[in-house]
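Here is a short report for a first look. Keep the sequence and the structure side by side as you read.

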Amino acid sequence: MTDYRRDKGSLRTTDKGKISAADIRKMRAAGKAIIYDSNSPAESTRPLEDVIKDFLEVYKLGSKYTKASVETAWSKVVGEYISSHTAKTYFANGILTVYIDSAALRNELMFARSNLVKYLNEVIGSEVVKDVKIR
């Protein structure tokens, strides 16, 4: 295994050697941040999307990120007027529960639930919302 030194809360290799995939898995399991030191731009350059996914995985923030994305997408999908009548949103297990303070608006949204699910998933970019409950 490669020799590591602590540097501002993250791990770096001291011998400028490559980190094996097994070492990376062990560090991720321990919840350690990984910094890739390399003089070669091809080895140190990764797409930002991959870096963010790794970050969310290492720090176990994926579910919180999804929850925040769904609750933010609600405002984008329904617009300013309905958002102003939304008292609270709650997302868990693929179900978005929305509390609306207007009975008439709540009734109208009940009829549009299937379209709301479709539009929310389009805004988020993945199929995470399975149902919308209007209360």
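The chain has a mean pLDDT of 81, and 76% of its residues reach 70 or more; pLDDT is the predictor's confidence in each residue, from 0 to 100. Residues 1–11 have pLDDT below 50, yet this stretch has 29 contacts in the model beyond near neighbours in sequence. A contact means heavy atoms within 4.5 Å. Where pLDDT is low, the predicted coordinates should not be read in detail.

This is a predicted model: local features need pLDDT of at least 70, side-chain atom pairs count only at pLDDT 80 or more, and totals for chains, interfaces and linings use all residues. Residues are numbered from 1 along each chain as its sequence is written, and side-chain values use heavy atoms, without hydrogens and water.

Cover is classed by relative accessible area: buried is under 20%, exposed over 50%, partly exposed in between (1.4 Å probe, protein chains only).

| Residue | Relative accessibility | Class |
|---|---|---|
| Val51 | 37% | partly exposed |
| Lys133 | 33% | partly exposed |
| Asn121 | 5% | buried |

Asn121 sits in helix 6 (residues 113–124). Helices (H or I, at least four residues) and strands (E, at least two) are DSSP runs, numbered from the N terminus. The Asn121 side chain makes a polar contact of 3.2 Å with the side chain of Glu127. It also reaches the backbone nitrogen of Val128 at 3.2 Å. A polar contact is a pair of N or O atoms within 3.5 Å; within protein, one must be able to donate a hydrogen and the other to accept it, and residues adjacent in sequence count only if both atoms are side-chain atoms.

Lys133 belongs to strand 6 (residues 131–134). Beyond four places in sequence, Lys133 touches Ile95, Leu96, Thr97 and Val98. Val51 is part of helix 3 (residues 48–58).
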